[in-house]
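Reader: Could you walk me through this structure, one feature at a time? I would like to learn how to read each kind.

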Amino acid sequence: MAGKGLKPVSVAGIEFDALIDETKTMSSTIPAYPVEDGFPVSDTIIPDPVKVQMTLYVSSTPVTWLYRHGSSRDRVNRICERIEDLWLDRELVKVVTTDTVYKSMGITNITVKKSRETGYAREISLSLQKVRITKVRTVIIPSYVLKSGETMANAGAASVSTSSGKSGSAKTSGSSGTSGAPKNVAERVNQKMASRESSAKKSHSILFGVAKGLKFL
């Protein structure tokens, strides 16, 4: 293999002799949602992770970086094992070429080619894909959001208990208070509505008595 015009490349710090070929794929996904009119509509474009396919060349007598690595018979085996370890450990790697730098790349496929033409050298094909890493954010919730009612007391947790011979009754565990006093907003509203109904019935009975006394009825 001639060394003229070859470009070295490194993957996760591993320096290969040459980059034989490289294919960069950039694609997008356009979601489609069907509507009642009978055709799909779209409202966004989602970029897919960048994919890179490259064929690398490595030998025991480097054709481009001989002055840095020298000649070693076990260099090819060491590099092949290192690439396999990166794939097994699912490590993110950085790929550096003469044209660009790819960061946070995951290895999705490895193909090692051995032939009579290459001899002790190897042609290693790698498929890599960009991995997007999310970040964790902590949000502080104000204490008043966890309060309820006019007094802004703790809402507590509701539980339901049943007893034999009687219908189930709902109990609320929350802030302590006197017996018989409403413990939450719902109980206070129910008591006010019951009081209004009682007053309306009482007023109705008084008016009925007056009308009957005056012989209107």
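**Reading the model together**

Author: Let's begin with a pair: R75 forms a salt bridge with D17, and their closest N and O atoms are 3.0 Å apart. This pair links distant parts of the chain, with R75 in helix α2 and D17 in the loop between β2 (14-16) and β3 (18-25), 58 residues apart. The model is a predicted one, in which local features need pLDDT of at least 70, side-chain atom pairs count only at pLDDT 80 or more, and totals for chains, interfaces and linings use all residues. Residues are numbered from 1 along each chain as its sequence is written, and side-chain values use heavy atoms, leaving out hydrogens and water.

Reader: What is the general idea behind such a pair?

Author: Side chains of opposite charge can pair when their charged atoms come close. Here, a salt bridge is a side-chain nitrogen of Lys or Arg within 4 Å of a carboxyl oxygen of Asp or Glu. Helices (H or I, at least four residues) and strands (E, at least two) are DSSP runs, numbered from the N terminus.

Reader: Is R75 buried or exposed?

Author: Buried means under 20% relative accessible area, exposed means over 50%, and partly exposed is in between (1.4 Å probe, protein chains only). R75 is buried, because its relative accessible area is 4%. D17 is buried as well, at 0% relative accessibility.

Reader: How many salt bridges does the structure hold?

Author: The structure holds two. Besides the pair of R75 and D17, the side chains of R78 and D74 meet in a salt bridge at 3.6 Å, N to O. R78 counts as partly exposed at 45% relative accessibility, and D74 is partly exposed too, with a relative accessible area of 39%.

Reader: How should I read a surface patch?

Author: Patches are made of residues with over 30% relative accessible area and no salt bridge; like charges are joined within 9 Å, and nonpolar side chains (Val, Leu, Ile, Met, Phe, Trp, Tyr) within 5 Å. Lys and Arg count as positive and Asp and Glu as negative, while His and the chain ends are not counted. The place of a charge is taken as NZ of Lys, CZ of Arg, CG of Asp or CD of Glu.

Reader: Which residues form the negative surface patch?

Author: E81, E84, D85, D89 and E91 form it. Among them, E91 lies in the loop between α2 (75-88) and β9 (92-96), and E91 is partly exposed, with a relative accessible area of 32%.

Reader: Which residues make the nonpolar surface patch?

Author: Y33, V35, F39 and V41 make this patch of about 330 Å². Accessible areas come from the Shrake-Rupley method with a 1.4 Å probe; for residues, only the protein chains shown count as cover. Y33 sits in strand β5 (residues 33-34) and is partly exposed at 42%.

Reader: Where can I find a positive phi in a residue other than glycine?

Author: Look at R90, whose phi is near 55 degrees. R90 lies in the loop between α2 and β9 and is exposed, with a relative accessible area of 74%. S104 also has a positive phi, about 55 degrees, although it is not a glycine. S104 is placed in strand β10 (residues 101-113) and is partly exposed at 26%.

Reader: And what about the chain as a whole?

Author: The protein chain has three helices and 15 strands. Of its 217 residues, 20% count as buried.
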